[in-house]
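Have the viewer open and follow the headings.

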Amino acid sequence: MMSLLRKLASLRLTLVGMILLAVLAVIASRRADVDAGVTVVPLAILVINLLAALLTNRSFRAQTGLLVFHVGLLLVFVFIGLTVLLRFDGHAEVLQGTAFDAAQVETVDQGRWHDNRLDGLEFYQGEVRINYLPGLNRQDTHSTIEYRTGSGELRRVAIGDTRTASIDGYRIAATFNKGFALLLQWSGDDGSEILGAVHMPSFPEFDWKQVTTWTTPAGQEVELELDFDRPVSSDTSAWTFGDTSMAYTVHVAVAGDAPRTLQKGESARLEGGAIRAVDLRVWMAYQIEYVPFLPWLFVAAMLAIGGLAAHFARRYLPATVPAGTDKKEDALAHVARA
Amino acid sequence: MSLVLERQLVLVAVLLLAAATLVQVAGVVFGRSAYRPTAGIYTAVVAVLAAAIAGRWVREGQGPFLTLYDILLSNLFSLAVLLLLVTASLPGVRSATLFASPLLLVLGVWLTGVSEIATPLPGAFDNAWLWVHVLSGKLFLGLNLAATAAASVMLLQGAVPSRRLAALAAQPQETEQQIWALFFVSFICHSVMLVAGAVWAHSAWGRYWSWDPLETWTLVTWLMLGGILHVRSTFRNLSQGVGHALMLAAFAVAFLTFFGVPFLSIAPHKGLM
Ligand code: HEM
């Protein structure tokens with residue numbers, strides 16, 4: 001048993017694991033057909049190797065800083081592994097004036113063991129303000145949302161840039177992606193009345209192409225174009241995204257028919273019913289994320305760094321003092337600070 | 001400060017670095033220590049670049065964090081400061097300026113050819129972790145450069161037996177110890193940079209790690225640094241030259257990661273959206 005542990009603890013195996021990790025990381029980042037998940041293999045080798053070394057290698061007993069560093073490193077590997085298994089990462093667009101809808105979430109990545117609780121997630125989208133400087137340079141983002149905390153208290157926060165909201169363990173972060181949405185009323189010939197929103201392409205990224213296709217409840221495909229009477233964004237001066245009070249026109253085009261234009265409040269007849277342009281809103285895209293061990297990952301990394309510093313102070317610092325100098329502190333002050 | 005004056009200051013710094021390089025070469029040719037004149041020139045470089053950076057900072061209302069020009073300017077300054085401090089306090093690695101000076105000169109010449117137009121910083125850059133990330137990164141590069149340049153001089157001494165070259169590091173044992181101490185501290189700084197970068201990326205871009213080329217190559221650099229320290233522990237009778245050659249390889253990767261990768265790819269690190 002002990003001899004097997006010693007073999008597993010081989011420092012040569014550590015080097016193999018490190019080289020493999022580096023090579024696979026580069027390959028995975030350069031080739032679309034290789035998933036970064038392949039790095040799990042060298043990580044697993046390193047974890048086993050390190051566990052065995054921590055149990056058998058005498059170097060660690062004599063050098064506490066080194067021990068702390070490697071224990072921190074082991075914890076980093078373990079927390080990364082747990083995060084990969086438990087995490088959730090997704091995107092959702094939420095319309096101003098409405099509540100978040102779990103059905104709209106597009107999953108980017110979901111760990112094997114993730115217990116999806118998105119259905120229970122509730123928040124309401126308020127006003128959005130994003131300031132731009134000339135050159136379409138995005139500055140501060142303020143997206144107001146409302147939600148209830150665990151204790152039932154109603155909270156209203158403006159998230160954006162470095163501020164996020166944490167609801168039921170999920171982290172809600174504003175992304176750069178946002179745009180306008182047309183609120184449309186469908187009045188079907190069958191008597192049905194439906195109020196809904198059509199999200200236009202991301203703004204100002206697709207400022208020049210605010211067009212989308214939409215299928216009416218009666219099954220007809222319609223092309224909708226949002227046309228502002230005056231430019232909303234500017235390349236040469238500062239402006240703010242989020243205002244919806246400006247004048248606009250909606251162009252409704254159907255294959256084989258002359259296009260029609262609608263102002264706010266006007267209607268157009270289509271197959272099986274009519275649509276009315278009710279209002280202009282904005283939609284905001286969020287990253288919805290669940291990364292349970294993130295704070296612990298950070299603690300483990302700091303532990304590792306502290307261990308490294310201690311190891312340096314014990315093993316390297318004394319050796320750097322020039323022979324015959326007793327002003328050790330002076331000579332090495334900058335190294336110690338660093 | 002006007003842009004014209006800023007450009008002129010940069011030009012002065014480049015000329016000073018050319019002078020430092022010449023002084024270093026002359027030191028080898030004449031077999032004399034060039035430490036004092038070099039330290040004087042580096043002090044002038046630091047002062048001139050500090051003035052250029054301060055003037056730019058005040059004029060643009062933001063620090064030099066974003067464009068290639070910003071990165072080259074701030075790194076030239078931090079590298080010069082660190083080389084000055086390291087050679088002042090660790091006499092064993094004073095020879096580092098022989099190779100560091102021409103490298104700084106190359107960065108300086110590159111800087112003169114790059115567009116100096118500033119891009120406003122996106123809101124996500126307003127974050128304390130970014131400061132930790134940037135400062136630890138600069139410390140890493142400066143300390144690692146000092147170690148690697150001194151190690152390269154020892155490699156040269158090994159390859160070309162010459163009394164003049166030998167005079168550059170009169171106490172090889174002390175030099176060797178100081179080189180590895182610097183290398184170790186640079187590894188600590190690199191680790192801090194990696195962690196702070198991940199924390200910042202998470203708060204700014206909602207992801208702490210996404211395998212973009214810059215992140216991947218930073219991880220490769222970190223593994224190389226740790227791997228080199230391991231190689232020294234694993235193979236106890238490793239020759240000095242092999243250790244130095246490995247150090248040089250790691251520095252090359254770090255240098256390309258700092259100055260090559262961010263400007264060839266991907267928006268997030270440039271913060272443009
Ligand atoms: C995962 C498996 C690993 C094992 C089994 C392992 C084992 C060891 C051992 C036994 C030592 C002590 C050597 C001695 O003093 O005789 C050591 C030192 C060290 N290890 Fe690791 N290690 C591992 C991973 C890593 C990683 C991933 C890094 C960083 C990239 C790292 C960085 C270091 C450093 C910096 C030292 C100190 C070397 C010195 O004092 O110069 N180790 N390791």
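## The iron site

What geometry does the site of the iron atom of the ligand have, with its 6 donor atoms? Octahedral, with angles of 85 to 179° among those donors. Donors here are N, O and S atoms within 2.8 Å of the metal (3.2 Å for Na, K and Ca), with water not among the atoms, so sites may look incomplete. Six donors count as octahedral if opposite ones are over 155 degrees apart and all others between 65 and 115.

The protein supplies His70(A) and His230(B), each through NE2, at 1.9 to 2.0 Å from the iron. That pair crosses between chains: His70(A) sits in helix α5 (residues 64–86) of chain A, and His230(B) in helix α8 (residues 213–234) of chain B. Helices are DSSP runs of H or I, at least four residues, numbered from the N terminus. His70(A) is buried at 9% relative accessible area, and His230(B) is buried too, at 16%. Buried means under 20% (1.4 Å probe, protein chains only).

## Contacts of Ile179(B)

Leaving out residues up to four places away in sequence, Ile179(B) touches Val93(B), Ala147(B), Ala150(B), Ala151(B), Met154(B), His244(B) and Met247(B). Contact means heavy atoms within 4.5 Å.

## How to read this

This is a predicted model, where local features need pLDDT of at least 70 and side-chain atom pairs pLDDT 80 or more, while totals for chains, interfaces and linings use all residues. Residues are numbered from 1 along each chain as written, chains are lettered from A and ligands numbered from 1 in the order written, and side-chain values use heavy atoms, without hydrogens or water.

Notes
Tetrahedral: all angles 85-135°; square planar, octahedral: opposite > 155°, others 65-115°. Helix = DSSP H or I, 4+ residues; strand = E, 2+ residues; numbered from the N terminus. Buried < 20%, exposed > 50% of the residue type's maximum accessible area, 1.4 Å probe, protein only.
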